[in-house]
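Subject: Structure for you to look at

Hello,

Here is the structure I promised to pass on. Please open it and keep it in view while you read my notes.

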Amino acid sequence: MKLIRRGNYELPKTLIMLSELEEEIREERGEEFADLVGLSFSYSLEENDFFTYANAPIDMVLLTFTRVDSYCGFITEFSTIEDLEYAPIAIFERLGFCDSDYSAKIIANNIRDFLRLLITVKNIFSLDQEDDEKHEDQTPEEEYFYRKIMEKFDLEPFESVQQYKQEIMESRAREVAIMTNNGFGVMPISDEGSHKIFELNEEWDNPIDEIKRFFEDASLESKLACIRNLQEHFSLEHGVDLLDFLIDEMTKLGFANEVKKLSSLTL
């Protein structure tokens, strides 16, 4: 059984270095990252407590946000990652006009690879683009930002973003104990070897009875996979009984950080 973190994470070293870089740029040019490219990094763990989207992965720690509904975050593998420096990075963004039209997708293996992705595509809204097209028409301010990132972290762009992302998903598919609809899956946490998928009927208004029966004999990883899939297709904040049940179950299992996220949806 992997150790499950009960408290907040510390800021990873790369994020601390980003904060230092932003301070250097502020002193040099009087500008923030948001001024240069419209992207802000979250340097405060308390800020993460206010990130309460119902469809956002409950094991995501906020990393970046923009002026529109687009965010990136560390995936803690349900609080089993020891250091956020090595946590996968996911993008969480609005796809439509409804509150439930959000999607989460893993785009980088870690924060340094996230920065490599950023300096490769050179556009904060192309982090999940479907081709290898590079944005060459940069303003002087944007070029300055990407150059400073490259120099500070000694990074080079990816030759092919699509090849890199394909490698991420292929590697993850081999490593997870059970796959989920969004491609995250659930990494092995317990010593249980048998897992099963909860088949969600999207016509159900509140599938609490079916989920309770599923949880009776499901493995730990199967339960967590069920929650991932529920978040993709069901508005948890509208199913109060279901949300209360999941909070109780996750509390029993010891997932304090994830319980905190779920509980914020009831406020």
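A salt bridge is a side-chain nitrogen of Lys or Arg within 4 Å of a carboxyl oxygen of Asp or Glu. Keep that in mind for what follows. First, two notes on the source. The model is predicted, so local features need pLDDT of at least 70 and side-chain atom pairs count only at pLDDT 80 or more, while totals for chains, interfaces and linings use all residues. Residues are numbered from 1 along each chain as its sequence is written, and side-chain values use heavy atoms, with hydrogens and water left out.

**Salt bridges**

How many salt bridges does the structure hold? There are 14.

Start with Asp128 and Lys105. Their side chains meet in a salt bridge, at 3.3 Å from N to O. This pair links distant parts of the chain: Asp128 is in the loop between α4 and α5, Lys105 is in strand β5, and 23 residues separate them. Helices (H or I, at least four residues) and strands (E, at least two) are DSSP runs, numbered from the N terminus. Asp128 is partly exposed, at 22% relative accessibility. Lys105 is partly exposed too, with a relative accessible area of 37%. The cut-offs are simple: buried means under 20% relative accessible area, exposed means over 50%, and partly exposed is in between (1.4 Å probe, protein chains only).

Next, find Glu77 and Arg172. They form a salt bridge whose closest N and O atoms are 2.8 Å apart. Glu77 sits in the loop between β3 (70–75) and β4 (89–94), and Arg172 in helix α6 (residues 161–175). The two are 95 residues apart, so here again distant parts of the chain are linked. Are these two residues buried or exposed? Glu77 is buried, with a relative accessible area of 6%. Arg172 is buried as well, at 5%.

Glu28 lies in helix α1 (residues 13–29) and Lys148 in helix α5, so the pair ties together parts that are 120 residues apart in sequence. Lys148 counts as buried, at 14% relative accessibility.

**Ile107 and Leu127**

Ile107 is in strand β5 (residues 102–108). Its relative accessibility is 0%, so Ile107 counts as buried. What does Ile107 touch, leaving aside its neighbours within four places in sequence? Its contacts include Cys72, Ile89, Phe114, Leu127, Asp128 and Tyr164. Contact means heavy atoms within 4.5 Å. Ile89 is 18 residues from Ile107 along the chain, and their C-alpha atoms are separated by 6.0 Å.

Leu127 is one of those contacts of Ile107. Leu127 is found in the loop between α4 and α5. It is buried, with a relative accessible area of 3%. Apart from neighbours within four places in sequence, Leu127 is in contact with residues including Cys72, Ile91, Ile107 and Val121. Leu127 and Cys72 are 55 residues apart in sequence and 9.8 Å apart in space, C-alpha to C-alpha.

**A charged patch**

Go back to the loop between α4 (111–121) and α5 (140–153), where Asp131 has its place. Which residues form a negative surface patch? They are Glu130, Asp131, Asp132 and Glu133. Patches are made of residues with over 30% relative accessible area and no salt bridge: like charges are joined within 9 Å, and nonpolar side chains (Val, Leu, Ile, Met, Phe, Trp, Tyr) within 5 Å. Asp131 is partly exposed, with a relative accessible area of 38%.

**Backbone and chain end points**

Lys122 has a positive phi of about 55°, although it is not a glycine. Lys122 lies in the loop between α4 and α5. Asp154 also has a positive phi, near 55°, and is not a glycine either. The place of Asp154 is in the loop between α5 and α6. Asp154 is exposed, with a relative accessible area of 67%.

Last, look at Ser264 in helix α10 (residues 256–264). Ser264 is buried, at 15% relative accessible area. Ser264 and Thr52 are 212 residues apart along the chain, yet their C-alpha atoms are separated by 6.3 Å.

Best wishes

Methods
Accessible areas come from the Shrake-Rupley method with a 1.4 Å probe; for residues, only the protein chains shown count as cover. Lys and Arg count as positive and Asp and Glu as negative; His and the chain ends are not counted. The place of a charge is taken as NZ of Lys, CZ of Arg, CG of Asp or CD of Glu.
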